[in-house]
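I would like the cut-offs spelled out along the way.

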Amino acid sequence: MALASDVAVAVLNGVTWGLIVALIALGLNLIFGLLEIVNMAHGSLYMLGAVIGWFVIDATGSFFVALFLAPLAVGMIGVAIERGVLRPIEDDVSITLIATFGLLLIFQQLALMSFGPGTRSVAAPISGTVSFAGVSYSTYRLSVAVVAVALMAGLYLFLFRTRYGTWMRGVRQNREVASALGVPTSKVYAFTFGLGSLLAALAGVLLAPIVSVHHLMGLDVLAVAFIVVIVGGLGSLRGVLVASLTYALVENVGALFVTPVRARILTLTLMIAFVLVRPGGIFEGDAV
Amino acid sequence: MLDVDAIDTYYGKSHILHDVSFEAGSDEVVALLGRNGVGKTTTMRSIIGLTPPRTGTIRFEGEVISGKSPPEIANRGIGYVPQDRGMFPELTVEKNLEMGLGTADRDDDVVRAIFDRFPRVEDRLDQKAGTLSGGEQQMVAMARALMRDPKLVLMDEPTEGLMPSLIPEIAGITRDIAESGYSIVVVEQNVELVLDIADRVYLMDNGRIHEQATPAELRENERTLQEYLGVGL
């Protein structure tokens with residue numbers, strides 16, 4: 001019985017973590033899909049969300065103000081990065097790779113200077129647990145899962161039901177014709193980078209009460225996000241969701257039976273093996 | 001309406017257009033005729049801003065548009081039917097049409113008129129554009145260019161690459177659009193179609209415009225067509 005409840009909690013943790021990873025990876029995938037930029041700084045935007053969120057909570061005492069302000073701030077930083085750094089070098093993939101890696105280092109050092117080297121915790125805005133079928137689970141974690149699902153549904157509706165969403169998908173498929181038809185492609189690029197950054201920061205603030213906040217927290221997530229984007233299939237949104245959930249479930253449930261490090265090794269081995277067999281990812285050829 | 005004045009356009013170091021000048025007036029259908037590779041498509045791309053001219057000016061409704069970005073140029077009221085149709089293959093036909101609006105607002109009367117003209121496009125609204133036949137894609141490309149109710153339509157080879165059996169239908173639609181009062185610049189190799197719809201024809205060779213003629217003059221002077229296209233009537 002104890003094992004059954006442990007497994008249930010691990011599954012719930014896996015789903016929550018998988019949904020958060022999906023939020024981060026969706027942003028990464030949107031940016032790659034549209035701008036063809038491999039954004040090495042994506043994890044540090046997630047970290048910035050958590051760090052800025054911590055400062056906002058420190059100043060205002062409100063988690064919800066932080067949940068609103070920090071992603072907005074990081075979204076604007078994203079727009080500024082696209083306009084100021086990436087736009088002038090957009091035609092050279094290797095330079096964008098180096099530039100975004102440079103941004104990663106800059107953000108990390110800025111966080112180190114302002115936030116310090118230590119880890120800090122953020123109190124969850126919702127406390128307590130909910131119990132069902134003999135399993136009790138953190139109300140906050142459950143809320144994070146619900147919010148993440150709502151955000152993804154919102155993103156889906158935005159991409160498939162609004163004019164701007166149509167522009168983003170169209171520009172991705174045929175950028176030249178889109179611009180010749182009057183779609184303001186340069187605004188679409190900046191907006192997409194901002195949106196991807198905002199999603200990463202949202203994940204950072206939502207996760208802050210669950211993991212501890214520190215200036216290196218983006219590195220781990222960056223690797224995971226890249227892996228799920230590749231396993232899910234470049235450009236595929238549902239692929240990212242499926243890959244994120246699979247990754248987080250295998251790792252969380254695996255950690256019940258072996259050490260967390262071995263669980264991570266197992267997960268990565270499985271995912272690498274999958275990509276070797278199916279290099280295009282789960283939903284090969286899927287486009288946003 | 002459109003005034004192209006002495007433009008020179010390059011692809012990198014290749015000098016493609018040499019001192020190209022022509023104009024298209026209100027409600028006028030102007031055609032550029034010439035063999036493959038003489039610079040017709042480059043001329044279209046120069047007008048819409050995809051390959052901006054290095055020297056010379058292009059004016060639309062009296063204002064200089066050369067040097068502006070493609071979206072700025074299109075949003076002044078120019079519809080563009082690209083060569084090879086330029087579909088967004090993963091978008092539905094409906095979303096492809098929406099892309100044609102640019103930043104303009106959708107006008108239901110315009111959309112109604114487009115569907116009356118292209119009933120097959122209306123039938124396929126929910127289908128992905130990449131799954132359509134070549135002829136259907138061409139209709140979507142033309143319908144899309146009309147979505148913003150443009151003052152000027154640029155049509156780049158509307159019958160190119162179509163099955164011969166489809167050409168009369170697309171030609172008919174092109175003629176129909178030409179007769180409904182849009183100003184049109186059309187690049188087309190189908191001489192019969194061009195002579196049928198154009199008010200004036202410019203003959204291009206080697207990146208230059210060499211002659212200007214009316215369809216009637218060209219019909220009488222088959223040698224000119226032979227010279228520029230290698231075909232007779």
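In chain A, the axes of helix H1 and helix H5 (residues 139–161) approach to within 9 Å and cross at roughly 35°. Axes here are lines fitted to C-alpha atoms, for helices over the stretch in contact, and angles run from 0 to 180 degrees between N-to-C directions. Helices (H or I, at least four residues) and strands (E, at least two) are DSSP runs, numbered from the N terminus. The crossing of H1(A) and H5(A) is left-handed, a term used when the near helix is turned anticlockwise from the far one by less than a right angle, with right-handed meaning clockwise.

Before going further, please keep in mind that this is a predicted model: local features need pLDDT of at least 70, side-chain atom pairs count only at pLDDT 80 or more, and totals for chains, interfaces and linings use all residues. Residues are numbered from 1 along each chain as its sequence is written, while chains are lettered from A and ligands numbered from 1 in the order in which they are written.

Back at the helix pair, H1(A) contributes A:Val15, A:Thr16, A:Leu19, A:Ile20, A:Ala22, A:Leu23 and A:Leu26. They meet residues of H5(A) that include A:Arg141, A:Val144, A:Ala148 and A:Leu155. Two residues are in contact if their C-beta atoms, placed from the backbone, lie within 7 Å. By class, the contact of H1(A) with H5(A) has 13 nonpolar, 1 polar and 1 charged residues. Ala, Val, Leu, Ile, Met, Phe, Trp, Tyr, Cys and Pro count as nonpolar, Asp, Glu, Lys and Arg as charged, and the others, Gly among them, as polar.

A:Glu36 is not a glycine, yet it has a positive phi of about 55°. With 14 other C-beta atoms within 10 Å, A:Glu36 is partly exposed. On this scale a residue is buried if 20 or more other C-beta atoms lie within 10 Å of its own, exposed if 12 or fewer, and partly exposed in between, with C-beta atoms placed from the backbone.

Of the 288 residues of chain A, 49% count as buried.

Chain B has 10 helices and 10 strands. An open sheet of 4 strands in chain B has the order S2-S1-S4-S5, with antiparallel pairing; two strands pair if DSSP finds at least two bridges between them. S2 and strand S5 (63–64) of chain B are the edge strands, each pairing on one side only. Strand S1 (residues 2–11) of chain B joins S2(B) in the antiparallel sense over 7 bridges, and B:Tyr10 stands opposite B:His15 in S2(B). Helix H1 (residues 40–48) of chain B packs on this sheet, touching S1, S2 and strand S4 (55–60) of chain B. The direction of H1(B) makes about 70° with that of S2(B).

Further along chain B, strand S9 (residues 200–205) and strand S10 (residues 208–213) run antiparallel and are joined by 5 bridges. Their hairpin has 2 residues between the strands, and B:Asn206 takes a positive phi near 50° there.

Which residues does B:Val187 touch, not counting residues up to four places away in sequence? They are B:Leu32, B:Lys40, B:Thr41, B:Met44, B:Met155, B:Asp156 and B:Glu157. B:Val187 sits in strand S8 (residues 183–187) of chain B and counts as buried, with 24 C-beta neighbours inside 10 Å. The C-alpha atoms of B:Val187 and B:Asp156 are separated by 5.0 Å, although the two residues are 31 residues apart along the chain.

Finally, look at where the chains meet: the contact takes 21 residues from chain B and 17 residues from chain A. On the side of chain B that touches chain A, helix H2 (70–74) and helix H3 (93–99) of chain B each supply at least two residues. The residues of that side divide into 11 nonpolar, 5 polar and 5 charged.
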